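Take a look at the chain below. This report walks through its sheet, its salt bridges and its helix packing.

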Amino acid sequence: MNYIRFTYKTGKYFGRLFAERPQGLVVEVLAVEKHPTQGDLHQPNQVNVPLFHIRTALHQHEKITVSPSVVYDYDGEIPSYPDSLRQAFEKDVERLQNKNPQEDAFVRKCLENYKELETIYAKRWA
């Protein structure tokens with residue numbers, strides 16, 4: 001089976017090509033490489049925005065349409081979805097904690113989101 005890596009918004013994923021459509025490539029999510037960034041995509045690193053989004057990773061086997069320009073061949077091994085989600089989540093939490101949350105409101109807000117996400121993800125990690 002041919003695997004791919006692809007970007008969707010601010011997250012990065014492993015998957016497989018599911019179908020080709022005029023609008024783009026339909027890909028199936030198999031694992032998470034990088035957890036999506038929290039907050040407003042149009043105003044990155046800002047806290048005072050109309051809605052500071054809690055961004056979850058795409059679900060296992062979710063199918064989405066992406067541009068061919070964000071899809072790359074991947075010939076490595078695909079980790080399990082629960083393990084990859086946990087690893088990507090923990091890596092981003094650690095990255096944020098190392099940025100001194102006491103001095104950065106954006107980092108604090110992201111870490112607050114991650115506390116809520118941890119509850120949401122408990123079912124996916126099982």
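This is a predicted model: local features need pLDDT of at least 70, side-chain atom pairs count only at pLDDT 80 or more; totals for chains, interfaces and linings use all residues.

Thr7 stands opposite Lys12 in strand β2.

β1 and β2 form a hairpin, with two residues between the strands.

Phe6 has Val71 of β5 as its bridge partner.

Now follow the chain onward from β2. A hairpin of two residues joins β2 to β3. These strands pair over nine bridges, again in the antiparallel sense. Tyr13 has its bridge partner in β3, at Val32.

**The whole sheet**

In what order do the five strands of the open sheet lie? The order is β4-β3-β2-β1-β5, and the pairing is antiparallel. β4 (63–66) and β5 (71–74) stand at the edges. Each has a single partner strand, so one side of each is left without a neighbour in the sheet. Neighbouring strands are turned by 45 degrees against each other on average, ignoring direction. In a regular strand, side chains alternate between the two faces of the sheet.

**Salt bridges**

Side chains of opposite charge can pair when their charged atoms come close. The structure holds five salt bridges.

| Glu28 | Arg16 | 2.5 Å |

Glu28 forms a salt bridge with Arg16. Glu28 lies in β3, residues 24–34, and Arg16 lies in β2, so the pair ties together parts that are 12 residues apart in sequence. Is Glu28 buried or exposed? Its relative accessibility is 6%, so Glu28 counts as buried. Arg16, at 23%, counts as partly exposed.

Glu90 and Arg86 both lie in α1, residues 81–97. They are four residues apart, about one turn of the helix. Glu90 has 43% relative accessibility and counts as partly exposed. Arg86 is partly exposed too, at 36%.

Arg95 and Asp92 are three residues apart in α1, so about one helical turn separates them. Arg95 counts as partly exposed at 37% relative accessibility. Asp92 is buried, with a relative accessible area of 9%. The cut-off for buried is under 20%, which means that Asp92 falls within it.

**Two helices side by side**

Two packed helices are described by the angle between their axes and the distance between the axes. How do these values come out for α1 and α2? The helix α2 covers residues 105–125, and α1 packs against α2 at an angle of about 165 degrees. Their axes are 11 Å apart. Angles over 145 degrees count as roughly antiparallel, and α1 and α2 are therefore roughly antiparallel to each other. Their crossing is left-handed.

Which residues make the contact? From α1 come Tyr81, Pro82, Leu85, Arg86, Phe89, Asp92, Val93, Leu96 and Gln97. From α2 come Val107, Cys110, Leu111, Tyr114, Leu117, Glu118, Tyr121, Arg124 and Trp125.

Conventions: Residues are numbered from 1 along each chain as its sequence is written. Side-chain values use heavy atoms; hydrogens and water are left out. Two strands pair if DSSP finds at least two bridges between them. Axes are lines fitted to C-alpha atoms, for helices over the stretch in contact, and angles run from 0 to 180 degrees between N-to-C directions. A salt bridge is a side-chain nitrogen of Lys or Arg within 4 Å of a carboxyl oxygen of Asp or Glu. Buried means under 20% relative accessible area, exposed over 50%, partly exposed in between (1.4 Å probe, protein chains only). Angles under 35 degrees count as roughly parallel, over 145 as roughly antiparallel, 65 to 115 as roughly perpendicular and the rest as oblique. A crossing is left-handed if the near helix is turned anticlockwise from the far one by less than a right angle, and right-handed if clockwise. Contact means heavy atoms within 4.5 Å.
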